[in-house]
Amino acid sequence: MELFLQQVMTGLATGSVYGLVALAIVLIYRSTDVINFAQGEMAMFTTFFAWMLIDGSFLGFHIHPLHFWIAFALTLVFAATMGALLERIVIRPVEGRPILTIVIVTLGLFSIFNNLATWSWGGIPKAFPAPPEIHVTGITFFGDGALDIGPTVISYHDLTIMVVAVGIMLALYVFFQYTPIGLAMRGTAQNPVAARLMGIHVGNILTLGWALSALVGAVGGMMIAPLVLLQPPMMMGVLLYAFAAAVLGGMDSPPGAVVGGLTLGIVENLVGTYTTEEYLHVDWFGPEMKLTAALVVIVLVLLIRPTGLFGRRALRRV
Amino acid sequence: MLRPIIARRKLLAFALLAFFLFYWIPFSHVFPGWGPFPLQFGSYRVFQATTIAMWAIVALGLNLLTGYNGQISLGHGAFVAVGGYTAAILMFDHGWPFWATIPVAGFMTGTVGFLVGVPALRLTGPYLAIATLALAISTPQILLKYEGLTHGSQGINVNSPPPPAVLDGVLNQTQWLYFLALVIAIIMTIIAWNIVRSRVGRAFVAIRDSEIAAQAMGISVPRFKTMAFAISAFFAGVCGAVYVQVIGFVSPRSFDVLQSINYLTTVVVGGLASILGSILGAAAFVLVPEINGLLDQLHLPAANQAPGVIYGASLILVMILMPYGLAGFIHRLTRLQPPLVRQSLIDFAQQIGLRVRTARSAPDRGSGAAPTPPKDVRTPRPPDGDKGSSSS
């Protein structure tokens, strides 16, 4: 039982990161129908930016090392700017083209970011610091160590990931539901033409969508980096899980992305734990196939609900 | 009068192409007479051409599925793996001759493709893309796990077939493999060409454009969609079998996720729903890394350290500048007949004393230097019947 709870907790933590990156993918998909393959690499690139600020060697110059959370905030600004610029410079020229064309453009971005990172920072994995301790009224948040919650413990870093993920999701929810810009974004996602007729500047909204998505992705990158070490291919696996999570939840549903991410994280961990020789006495399956198992689960879910758990079935007009 | 001219032109184009493919690429570096010519193909280039032929096979299949039938697959690496492993296991463990494994691998993979196509019926768009991507991700893990059949992570080494005894001394190993891949690629191109122009191909396109309309016309949507998957997988399987012959080795690492994504990139860059596009895409994919060599000679820094930057940038540029891929670009080029450019070319040709058969007699261009063509020159319409450009 303890092992089970432990694995669920770990699964929730990694699942939160999958959920964040899935959220970033969904944000772009639902307004433009484009699957952004560069999402993971954009997150990796911005995480390297944060690392430079924290490490104190900015593009070869020595700067004063910044505190984690200051670097975090600056990185969010950088990520949003980068996302907006990418939309304006690279995506805007192919807007309105066939979807696959735009998907290939994002694949090009994937290649560029991956190689730029390898070129600039090398392929050697770097240790990315976990968020440092914060003391609030005698209680320690973050930092090393673990929190004892009855039958099991949860490490502070896992807790940080969950807290930050929940915080981002709440912020996005408030943004979409209760602000005029959020309303404009929802309107644009639903019907760009009608939104334009209502006086919404659709182009700006799309730019904002990319900025937001890059920002959310950057948070995911900075949260997962302490666990997997900072290196150019670090987001590859996460991106695939995030795609799967987004599809599981439904490509046009932000809450679905989060639920999908958490489910996937838990399933992955449980399958990895309970399929070892100790529990499962077969030789045709094992923990090294946990990714395959997770994907089989997704395909099975899709066969029952072809648009994911929370996705809406697109109505076709004949 | 029109027909023979076009036929002759086509014949000439085919003859040139055949000369290029069957003689120039494989033999130009061994025939001493070609020394002074600039465009020679060393054995590395012959190998590259072999690779292009292999990529073209799988790109043709994927284009039938994605371009013509509108189903996105990010999992074709899995099909190529099935074909490759079928051929390798048959040759290595059962001692089959190489030529027998190619069709068997094709049909085996086609069956797998059919089995994948049935559940795929329920999925569209990104959901299908991710489901097939899942297939591509799982493939290496499955290959590693069932090592009793697949020999696990060490892979399978197969001897590439040597040139047959009849051709001994005429062809070396590289050239023989090139011809093998080339001939199979040509056969597959013809098959794809015929499928596209047949009832089946038209059904594919009708389903892509509107499933409901296709159904209303009496097309069985599930039947043709699974058929598209099966045919597409058949192509991928043949490609896998050829891959084994050419490379002589398969391992789970040969078929990772990026490979599958690259197949889709190849098809989109070449041009969706275009036979020519599949081949051009394959050529582009193999040859784009050559740009790095060129840049390296110019001492540009990015070339050596970050080849992927060049690759990514060229992907983006192609997609921005050529929305319908390379084939679409070439199609536009052939329709582009800027009258002025054309006319000045004709004027120039006539000035240097060439007799030009033109669509219209050269008008006086003010200078009066261009002699009016003799009366007996035939004046056919432009072959494509493009009225827009022949009105001047």
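## Helix H8 of chain B

On one side of H8(B), Arg199(B) and Asp209(B) are exposed, a class that requires 12 or fewer other C-beta atoms within 10 Å of a residue's own, whereas 20 or more make a residue buried and values in between make it partly exposed, with C-beta atoms placed from the backbone. Helices here are DSSP runs (H or I, at least four residues), as strands are (E, at least two), both numbered from the N terminus. The buried residues of H8(B), which spans residues 199-209, are Gly201(B), Ala203(B), Phe204(B) and Ile207(B). Because these buried residues fall within an arc of 160 degrees when seen down the axis of H8(B), they line one face of the helix; the arc is that of the directions from the helix axis to the C-beta atoms.

The cover over the buried residues of H8(B) includes H2 (43-68), H7 (173-196), H9 (211-216) and H10 (221-247) of chain B. Contact means that the C-beta atoms of two residues, placed from the backbone, lie within 7 Å.

## Basis of the model

The model is predicted: local features need pLDDT of at least 70 and side-chain atom pairs count only at pLDDT 80 or more, while totals for chains, interfaces and linings use all residues. Residues are numbered from 1 along each chain as its sequence is written, and chains are lettered from A and ligands numbered from 1 in the order in which they are written.

Chain B contains 17 helices and 2 strands, and 43% of its 392 residues are buried. Of the contacts in chain B between residues at least 6 apart in sequence, 71% join residues at least 24 apart.

Between the chains, 34 residues of chain B are in contact with 38 residues of chain A. Helices H5 (125-145), H11 (257-270) and H15 (307-321) of chain B each supply at least two residues of the side that touches chain A, and H5(B) gives the most, with 12 residues. By class, this side of chain B has 26 nonpolar, 6 polar and 2 charged residues (nonpolar: Ala, Val, Leu, Ile, Met, Phe, Trp, Tyr, Cys and Pro; charged: Asp, Glu, Lys and Arg; polar: the others, Gly among them).

## The largest nonpolar core

In the largest nonpolar core, which has 211 residues, Ala244(A) and Ile57(B) touch the most other members; such a core is a set of buried Ala, Val, Leu, Ile, Met, Phe, Trp, Tyr and Cys residues joined through C-beta atoms within 7 Å. H10(B) gives the most to this core, with 17 residues. Setting aside residues up to four places away in sequence, Ala244(A) touches residues including Leu264(A), Ile130(B) and Ala134(B).
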